[in-house]
Every structure is written in C-alpha cells, then in structure tokens.
2 protein chains.
Amino acid sequence: MKSQQNRSDLKSFFEPKSVAVFGSLREGVGLGYGVIRNMLQFGYSGKIYPVSPSYSGEVLGFRVYSAVNDVAEPIDAAIVITPPPTVPGIIEQCARKGVKAAVIVSENFAEAGAEGAKFQQQLVDIVHRTGIRIIGPNTVGLFNAANGFITNPYLIVQKKIRKGGIAYCSQSGYVGTAAQPLEDRAIPVSKMCDIGNKCDVDEADLLNYLADDPETKVVAMHLENAKDGRRFIDAARRVVVRKPLLILRPGRSEEAARAVASHTASLAGNEQVYDSAVKQVGAIRLDTWLDYWEVPKIFAYQRLPEGNRIAILTLTGGVAVLGVDVAVSAGLAIARFLPATADKLKRIYPRLSSNPVDLGPILSVSDNPFAVEEEVIALALNDANVDCAAVSIYAGFDDIVAPIVEMFDHLKERITKPMALWIYGMKLSAMDEMSRQLETRGLPTYFYLETAVKALGVAAAYARIRAGLEE
Amino acid sequence: MKSQQNRSDLKSFFEPKSVAVFGSLREGVGLGYGVIRNMLQFGYSGKIYPVSPSYSGEVLGFRVYSAVNDVAEPIDAAIVITPPPTVPGIIEQCARKGVKAAVIVSENFAEAGAEGAKFQQQLVDIVHRTGIRIIGPNTVGLFNAANGFITNPYLIVQKKIRKGGIAYCSQSGYVGTAAQPLEDRAIPVSKMCDIGNKCDVDEADLLNYLADDPETKVVAMHLENAKDGRRFIDAARRVVVRKPLLILRPGRSEEAARAVASHTASLAGNEQVYDSAVKQVGAIRLDTWLDYWEVPKIFAYQRLPEGNRIAILTLTGGVAVLGVDVAVSAGLAIARFLPATADKLKRIYPRLSSNPVDLGPILSVSDNPFAVEEEVIALALNDANVDCAAVSIYAGFDDIVAPIVEMFDHLKERITKPMALWIYGMKLSAMDEMSRQLETRGLPTYFYLETAVKALGVAAAYARIRAGLEE
C-alpha cells in the first residue's frame, strides 16, 4: 500500500515550484511559447525555464537555456512538446537533472503506430530505470485552478477559470480547459487532467491524488479503459469514501469499443465488468457529455440532500410533469408536503398546496411576484418532508436578472437544503447572465430541467452511498 | 371524413384578416394592450379591433370599440383575455357577429376547480350551438411566423422569429414563443400553438391542419393526453404520410400522470396504449425537453438521409467514441468507407482512413487546416456507403467563426446529404455566433454531440417510415 501511495503522489505535477519547457519558442505560434503564455495568463508564479538548443535570449521575459542541465536551480516539472524521436532523450536529461514529473504533450506515440509505440516504450523504460514520472504522451495534460499551472500549449481565450470544487479527468483532450466555456459559465474547477496514452501515470494514480486533494469536492472522470482494474477499483473506493466519483464511460457498444481500440491503442474493458465494478465501489455512472459537465456542480457548493424527496417548483404545470418523470427515473421520490406547509401555501393561493408546485397562476396575478415566489420556495424547502428542490426560474429578459438574483440572496439565508435551478427564457444574454450570477453565489444552474433534476438524483444517490459506508 | 376535415380547418385562427381583442387596454401593462403590441412587433398586418366597454379613443393607433357589434366590417378571429365570468358572454357576442375563431387566453377555467369548469362548459355549449371555434381557455394560444399573427399577451423581447419549417404544438404555455431564445438561436418556425384546456380545438384538429400546411415541414408536439384517441391516431397518420411527427409525451410515471391530472383537469392516457399507437402510425417519440426543441431542426432544411449509415467526424478520438455509442443506440450504423475513399483519406493523412474520423492529428499539423477539413468532410459525405454525418466544429474563439462558416459555404456546394453539426468551444459568444450563422445557411447545429447524432437517428428513422408507407 505504501508504494502505491507513493506512486500516486502527483504533487510535483500539480504544484511544481519550477518548470522546464521543451518546445518551439517561436513567438506567437510555437507550442513551447504557447504553454508559457498560458501559464502567465492563469497566474502561475513558479519559476519557468524555457529550454531550446536552437534559441537564445529571452522568451516572454524568461531566459532560454540550451540544455536543462544548464539550469543551476532544482526543477520540479517539465512540459515536453517536441517531435517523438527527441522525447526519450529529453526525458532522460530531465531525470538526470532531478526533475520529478514530466508532462508529454506531443502526439504520434503508441496511438499512431509501431514507430511511435517504440518511442513510448523507451519512455516506460526510463520511468522504471530513473523514477521520473510521466503524464502522457498524447495529452493536453493538466490544469490547477489553485496556482494557475497549466500544460496546455494551445490558445485559451478564457482569462480566468473559477476556483472551485470540481476535478475533471479524462482520457481525451476534448475534456480540457479549451473544451468548454468554463469562464462564461462560471464553472468551479479544482483540477483538470487528461492522462492521454498513460505510459506511466494512470487513472488510479489520479484518483488516489484527488481523493486526498482538499480543493477537490467531486471527481468527474471520462474513462475509456482502466490500465489496471484492481488498482482502479481500489483508488475509486478511496475517492468514494471522501467525495463523489462520477464516471462517464463511452465504448458501451461493440462499435464504440472498436473505436476506442483504434484511437488509444488499447482495448476497451469488458462492459459488464466495468459496470459492476463501478457500482460495487459506489462510483456513479453518467451517460452523456452534457451530464459530465453539468451534473458535478451540484456537489461543488451545496450540501448533500438528507434523503431523496424532491419538491419541483415550476412556472407552468406542463413542465412540472416533465420534471416528475425525470425525478422518478433518477431515483427521487416526489415529496408530500406536511399539512402545515400545505395550509400555508393554500393561504397564499388555493392551488399551491401540493407538489409539484405550479407558480404560474399566482405569479401572473401577484403585485409582488418575487416576494411570493421567495415565500413559496422557502416554505417548500423548509418542509420536513422535503430533501431537495428543482426550481425553475424565468430569464425572459435582461431586467429580470437583478430581482431574481436578489430573491436568491434572501433565500440563501432561509434555506440550507440543496437546490438545482433550471433557467429558461427567450434571451440568451439574460439566461447566461443569470446563470453566471447565481453560480458565483453557490447555486447550481441548468438550462434543461432534466439535467437539474438528474443532478439532484445523483446527489441523493451519493448521499445514500455515503450513509451506507458510514454505517 | 368531410366533417372532420372541416372541424380541422383552423385557417381563421392562423390566418385571420381581422381580429377583435378583448382584455385590459391599460397602456404598457394591460394584457389586451400587450397582445396588440406583440402583433405589431411581429408585423401582423390584418385589421385590429380593440373592444372594451370601459375604454374609449385609441390604443396603439387602433380605434377602441365598446362592443364587437359596433364594428361594421367582418371579423375573422377574437382574442379574449378577460375574467372567466365575462368570457361566455363575449364569445356569444362574437358568434353572433360572425367571428369564426376565438382564442381564449384567460386562466381559471376547468383547471382551477368547479366554478371555472362551469364557465368552460358554457363555452362548449356555445361552440355546439353556434359553430364558433375556440382554442383554449388557459393558453398563450398561437403564433404564425408567416404573417406575424400572435395571441400571446405577455412581453416578448424577441424582435423577430425566423420563418421556417418547424411547427411546435403543446399543451402548456412553456412551449411557446416566450419559452426559448428562438431569435438568438435562429430556430426556424412555421407555427406555434398551445391548445390549453382544449374545450374545442384539440390536438387532432391541429395535426390535421398542420398536415396540410405548406409552411410546416415537421411537427413537434408536446402532448399530455389526447382528447379522442381515435381522431388523434387518424390525424397523426395524416401528418406522418406528409412530414415527420415528433411527440414529447410526459406523464410516463404514475406520479407524473397524477400531476397531469391535477394541472389539466383531465386524465393522462394509458402509457402503453399511447406508445403502441404512436409507433403504429409512424410518429416518433422524443424523451426530453432538449430533444423537443433541438431535434426537429434536422428536418427543417435538410433532405432525409437515404439510409442509416453515419460518418462521425470529430477533432479528438475520445469524443468520436461517445458519438458512436449514441449513434448505435439511436438506430444508426457506423458507415464503412469505400476503399477508394479510404485511399484518398490515407493520402491526406495515414490515420484518416476509417470512420469515425479523428481530424485532430492532421489539423494540428496542417498549414491550411480549413482546406483539409473541407476536403475530408466532402470525401466522407460523398462516399456511397455514407448516408449522413455528424461533424464536430470548434468554436474556440471569435475569429474562428468566419473561416468555419466560409468552409461550410463551400461544402454546401459539394454535399447534398444531411449533416448535423456539433459546436463546442471555450467562448459562448463564438459558439452562439457560429450557430446563428450556420443555421441561417440551413445547417442544423447542436451544442451537444449526443443531440446532433440523435437528430440524425430520428431523421433516418423517419426516412425508413416514409419508405415503408410508399411501398
């Protein structure tokens, strides 16, 4: 167990005090240049040593070294974006210099055929011989929101990614900093990591590291295949006792398994083995790309529901019915209000007494709709028979954003149970702005009612799993 | 059959030459005022007669009449937004005046209890006695993109809704002009109609009308319950032989069926009866709110695929695998390229030869990535073994919108088979703008790969149904 814990110590990857960069330093277009620009953009404050035999002087204010050995100070990490034939030599030099962690962004290794596989095997040999650790090759690597350390060399137009509790891990560059409008959506990120071809560091190492990472409150993992089933299960279990582990596993169909084999140079695992293993350790399976990005935030800033009884508050009955269907299939029960709550609701408006709650009729005739809405939401969520709620809010036009956000500022003082908000409306600017403002206040927002309800279902499922583990 | 055809003649509802408006004319806030403002906003050019016994002079440039009978000219339609006790009298007067179609927006009829039910029954009696037709009550009514006629009295910040082929029909106000960012998303609409409590006009009438409507290329219907199962099936069949009918039917779970009963004052139908009926006539069932809004556009401007073989083109292999899973579960087959196509692709880049196509490696090293991407997409779609394609495009930053749109301008000249485009990226402004520009060029865009692939699956399913009908 001790050696495995050590194997999974990825601190030098995520929190290096100094980093060497290997890759083209051509201004604006070189990938070495790009990664330095990105580190500066996200505020990485460690030391940066560009290394290039063909370049001299400075890049972005950093002195360029012709070899890593010329750097007098110790170096924790390296980022390598050079052609495959040059990579083993660079890693060898890094290992000799005492670099602990190397992220190899370069493509065209095992995934590209026999020649690439040969170079990748050389990397594996160096790891075994020297103890240097490698993430990749064929990866955009990692991002740490806490210190701004990033290994992605491509243009990232996002100025800032919000620090928060979600770790997104993947086996594909799509699932990285450049794959989603993280800034515009105010998605709260702790770490991101694409493990690429995993010639060394694999999903088990990553899970072990994230299990212990205090910044990470939930782990979302896109996983096509586990390198070592046993270690993966052990690591998953270590995560689940501390925080939720949500797994998006494509490759369910035979055709997809073939596609996995072709692009990762490895076989997809057996579907049933995965499924039962994932279930057994209490990880929760997600089915879609949409869910992968959207479901985790329910855990990022809300407490777990204490049970599975949901209240659904919408602005028309028709949509409430859709929500009920999703709730039931997500394992939630439709809460029944206590008589005292039903009475209070009835006093506000006769047809408000039962769950799901259709706020439409009262809001359309009320002189002070925001006060009524606030009161009804608070009554529903403070009912002892209710564990969580999906609340739909209307972002019909720009001027409605401020009063709705103010209403939720009040509600945050009155409610401690988890809520998922479904934003809908006729203007993207209003919907987007409302989402941003509510997210930064710690309220998870969704553009599809189904996702909001499903997220609460996943939260209730994890709460049940946790309760089972603690018994 | 003849009488049924007549029953379903909703021309006076959707294409009235003149309309009387009953409802508060208070400037800015009255709902009668609101509906006139909305008609002007969307360019309705028919005659408008505001009717109010308590108001004189003009409203928004239209002379106000104290009774509908004071209008000398004939009136085709009426919009009624007054308290329930006043509505039967108004409808009676309209019938006497010769008005053919009345949309009753007012709430608090059968859905609100016994007293409302009494008023609703009076409306039914008037319909039977006089032959006037009614949509509603308890509805936002209808919208016709072709002439700008609209009965929704609430604020609509969208200036324009794009004319196109999708008819959205519902039993809920959520599914109306104010429920989605139709303008920002450039969604192509022919008609929208919420049938509300359907004291008269029901889903069967609506389907019969839309089956014959030349503007409508696809009908998307949110339906909680059919008033008359037999007529509904007949009408659905009339649609399906002419155009696809997609049905979102909530209320699958027992809990949801209860919720339907409570908000519509009618029972949800038996789940299995619906399912087999829908299948039998060749209507296609949708499962989510997201699919309801997004899937139909695949039919709005693209031809039907001639088979179910899909090519999937993405920018990383990881996402291609996700697409394969969705394709298989949506009834699509993963196309195998002809040897000639594979050869040509191989000449562009050795690893491009098979489907799914991972464009990432070649684009990251190409000097002219847009030309390469265009060539690969054209080769894949023009392969005789390929019937349709899901293509992922990267809207990473604002400057990439123009060259991508230009590439698709070229591709439109080279390709006739249907495509669904998945837009992803790190900046909402770029994603939204790219979507708008491509949609207005007749290319359906999606923000989730799953939806893009599912839409093609639905298109292939309908193509198969159509082929079966024509045999």
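Colleague: Which residues of α15(A) are buried, and what makes them so?

Modeller: In this predicted model, local features need pLDDT of at least 70, side-chain atom pairs count only at pLDDT 80 or more, and totals for chains, interfaces and linings use all residues. Side-chain values use heavy atoms, without hydrogens and water. Buried means under 20% relative accessible area (1.4 Å probe, protein chains only), with exposed over 50% and partly exposed in between. In α15(A), Val372(A), Glu373(A), Glu374(A), Val376(A), Ile377(A), Ala378(A), Leu379(A), Ala380(A) and Leu381(A) are buried, so each has a value under 20%.

Colleague: How do you know that the span of helix α15 of chain A is close to the expected one?

Modeller: The expected span is 1.5 Å times one less than the number of residues. Helix α15 (residues 369-381) has 13 residues and reaches 18 Å from its first C-alpha to its last, and 18 Å is expected.

Colleague: What makes residues of chain B and chain A count as in contact, and how many do?

Modeller: Contact means heavy atoms within 4.5 Å; 67 residues of chain B are in contact with 67 residues of chain A.

Colleague: What is the area buried between chain B and chain A?

Modeller: About 5,300 Å², of which carbon and sulfur atoms give 65%. Buried area is the accessible area (1.4 Å probe) that two parts lose on being put together, summed over both.

Colleague: How many salt bridges are there between chain B and chain A?

Modeller: A salt bridge requires a side-chain nitrogen of Lys or Arg within 4 Å of a carboxyl oxygen of Asp or Glu; the count between the chains is zero.

Key. Residues numbered from 1 in each chain as written. Chains lettered and ligands numbered in written order. Helix = DSSP H or I, 4+ residues; strand = E, 2+ residues; numbered from the N terminus.
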